[in-house]
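Hi,

Here is the structure I promised to pass on. Have a look at it first, and then read on for what turned up.

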Amino acid sequence: MPATSAASLALAARLRDLDDERVARVIRERSITPSTLRDVFDLAEALLDPAAIALALASLTRSSLTVLATAAQLDEGAALTDLAARLDRTTEQVALDLAPATDALLADLADARVTVWPAVTAELAAWPARGLPSLDELRSAAALPMPAELDAAARTALDRTAAESAFTTTVAVTEVVLALGDVPGRLLARGGLALPDAKRLAAAAGCETDEVTALVDLAALAGLVDELDGTCRSTDSGDEWRRRGPTERWAHLARSWHASLPAEVAELLRDQVDADWGAALITATTWLFPAGSEPLRERLRRRGVQAERLGIAVAGRASSIGRALVTADSSSAAAVLAPLVPPEVDQVYLQHDLTIVSPGPLKGELDERLRRVADVESSSLAGRYRITAESVTRAIAIGETATTLTGFLSAISLTGVPQPLAYLIDETARRYGAVRVGSLEHDEAAELGARTGVRSDDPVLLEAMLVDAATAPLALRRAGAFRLISRHDAAVVLWTLIDARYPAASEEGTATPERPGRARTRPTTPAVDTSVAAAVERIRSGSTVGIDGDGAWVARQWELALRGKLSVRATVTLPDGSERSFDLEPTGIAAGRVRGRDKAADIERTLPVKSITALEPLE
C-alpha cells in the first residue's frame, strides 16, 4: 500500500543513519531473519511487518504505549506539546515515555514532532478485537493497590525467615557450583539436566531433585555456571565466588537477580516496595506490560521463586533485605543480612569416629582445603565432614603428605588430632603408591591394544581390581604377573582406582593427572552472531550512495515507490548545475534510468539515476 511504502522509505532513511551496532541490535530484538536482508529497505519492510511490530509492542510499558497510541490518533507529525496537553503531562515526561517506542523504531521523533508508522497505528487499532486494551483503557487504568504495612513484630519474624532462606539457598548454590566443578552435568536436547546428574546435584545441595533446576538457573544468572558442548559446568567466576564469605556470596546472587529484571519491573518494585511480590508480581507485570508475552510472565514467575529462595521476599512480602536491595543496592542489602546470619568460623571439632564438625559456616579457604581431605556429609549451618582412607588418598594424589595433612588438621582443631585419625593418615600415606598407573609407550600400546598400564608388587591387589565391580568400566586385562592394562586414558584409570579405594598413584616421575571432567576450556570472548554481522554488512553495501546521489540508494527508493504505486518528488541536477523538482508517478526503472509520469505536465519523463539528488514520497 502507498502508506506502507511511504513509511518504508522514511524508516529506511532513518535506518541508514544508525550505526552498525544499533542496526544489529534491532535485527536481534525484533527477531528479523538476517538472511532475508539485502539493504535498509528490506529491513524497513521487515520491521513494519505485523509480527515484528507486535513483538516490539510487547516490550513497552503501559505509560509508553499510552503516549504512542495517543500520537497514533493525532495527525501525522503531532507536536510533543500537543501530546503533553492531551495526556496532562509535561513535555519532558512525554518525551521520556516515548523514548522506548522510538528506540524500537515504532515511531520517529524529529523537530519535537512524532510520526507513528501507519502499520503500528493499524496494529494498535486491532488490539481491542484481540482482548488487548484500547487507548481509553490504557489511559484510565487505575494504579495497583498497596497492601497494609507490617507491624514491628511481623517485620522481625519475616526478616528472620528471610535470612534463613538466604543462607540456605546460598549454601545450596555453592554445593551445586562445587559439584559441577568436579563433574559437569549432561544437558538434554530438550533442555535441562539429565536425571542422574540432577539427582547427584540434589544430594550435594541437600534438596529435592525438582529443586535443582531453580538452583542451577540462579547460578547461571550469576555467571557461576555455564553451558558448553552439551554440558553444564562451573565457571572460573564460580571458582572464585565460592571462596567468599556467605554474605558476599549472597550479595552476588541478589545483585544478579536484580539486574536480570526488566528496568520497568525493577522501578515498579522500588516505587511499590510494600506491594505483594508473589502472585501479584505477575498481576503487576500484566498491568505494566499490557501486551507482554507469556515468556515474559514465565521469566518473572521464576524470578519470583528466586526472590523467595534468596530471602528477598517471604510469602510475597518484601523483607528488609529485599527493601534495601531494590531501593539501594546489594551492598546495603548485605549489610542488613549480615547480623541475621551466623558469623564464619575458623576452628572445628575433630572426633574419634573420623568426623569433623564445624560449629558454624567455615571460612571459604578452610572449607576448600578441608574438602580435599574429607568428604562432605552436611553443608548446613553446622558443617559435617568425614575423613576416610579414600579421601586421604585423594588428598595425597593432589599434593598433600601425611605431615601437611596432620599439621593442617591440628591447626584448625579445637580438640587436637584424635589417635584413630592420625593412624589413618599415616597408614594411608604409607600404603600410597602400592599401585602405579602410567601411559604406555607408543609401540607397546600398539602391540597390546591398550593405552595405560597398572602395576603393583602385590598380586592380591591386582586380582582384586580384576574382579571389582567398581573397576569393571576400565576393562582391565592381565599383561604379566604384576601388571594390568586398560584401553582408557591414564587419568581415567588413576581416578577410578582412587575412587574405588585403591592406593593408586601416577608412575614415579610423572605428575598426577587432573581428575577427568574438571578441565574447562571456554571461549575467551562472547560468540559473535555471524549471520547478523553479515546482514549488517550487506545492508551497508546495498545502501551506499555517492556524493552526487547515484547508486543503489536512489534505485532502491524508486523500486519501492514503483511497487507501492507511491508518487514521489524527485530533485534533479540539470546540465547547467541548477536543480529542479518533479512530482512523478513511477512507471519503470532500467539501465541506470528511471521513468515516471509527471503529475503536473501529464507526460512521461526519463531521468538518469545519477542526476537525482533527493527523493521523497508525496504522501
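Before I get to where things sit, a word on labels: helices are DSSP runs of type H or I with at least four residues, strands are E runs of at least two, and both are numbered from the N terminus. Please also keep in mind that this is a predicted model.

First, the overall picture. The protein chain has 28 helices and 22 strands. Of its 619 residues, 47% are buried. If you take the contacts with a separation of 6 or more, 62% of them are between residues 24 or more positions apart. The chain exposes about 29,400 Å², and carbon and sulfur atoms supply 53% of that area.

Now to helix H14, which covers residues 246-260 and includes Glu248. Glu248 is partly exposed, because its relative accessibility of 49% falls between the 20% and 50% cut-offs. Apart from its neighbours within four places in sequence, Ser256 is in contact with Leu221 and Ala222.

Not counting residues up to four places away in sequence, Thr70 touches Leu83, Arg86, Leu87, Leu135 and Arg139.

The other one is Val572, in strand S18 (residues 568-573). Val572 is buried as well, at 4% relative accessible area. Its contacts, again leaving out residues up to four places away in sequence, are Ser578, Glu579, Arg580, Phe582, Leu607, Ser611 and Ile612. Val572 and Ala614 are 42 residues apart in sequence, yet their C-alpha atoms are 7.4 Å apart in space.

On to the charges. Side chains of opposite charge can pair when their charged atoms come close. How many salt bridges does a search of the whole structure find? The count is 29, and here are a few of them.

- Glu240 pairs with Arg244, with 2.8 Å between the closest N and O atoms. Glu240 is partly exposed at 38% relative accessibility, and Arg244 is partly exposed at 22%.
- Arg371 and Asp367 form a salt bridge through their side chains, at 2.7 Å from N to O. The two are about one helical turn apart, because they are 4 residues apart in helix H20 (residues 364-373). Arg371 is buried at 18% relative accessible area, and Asp367 is buried at 13% relative accessibility.
- Arg605 makes a salt bridge with Asp598, where the closest N and O atoms are 2.6 Å apart. Asp598 counts as buried, at 4% relative accessibility.

There is also a network: Arg22, Arg25, Glu29 and Asp103 are joined into one by salt bridges that share partners.

Cheers

Methods:
Residues are numbered from 1 along each chain as its sequence is written. This is a predicted model: local features need pLDDT of at least 70, side-chain atom pairs count only at pLDDT 80 or more; totals for chains, interfaces and linings use all residues. Side-chain values use heavy atoms; hydrogens and water are left out. Buried means under 20% relative accessible area, exposed over 50%, partly exposed in between (1.4 Å probe, protein chains only). Contact means heavy atoms within 4.5 Å. Accessible areas come from the Shrake-Rupley method with a 1.4 Å probe; for residues, only the protein chains shown count as cover. A salt bridge is a side-chain nitrogen of Lys or Arg within 4 Å of a carboxyl oxygen of Asp or Glu.
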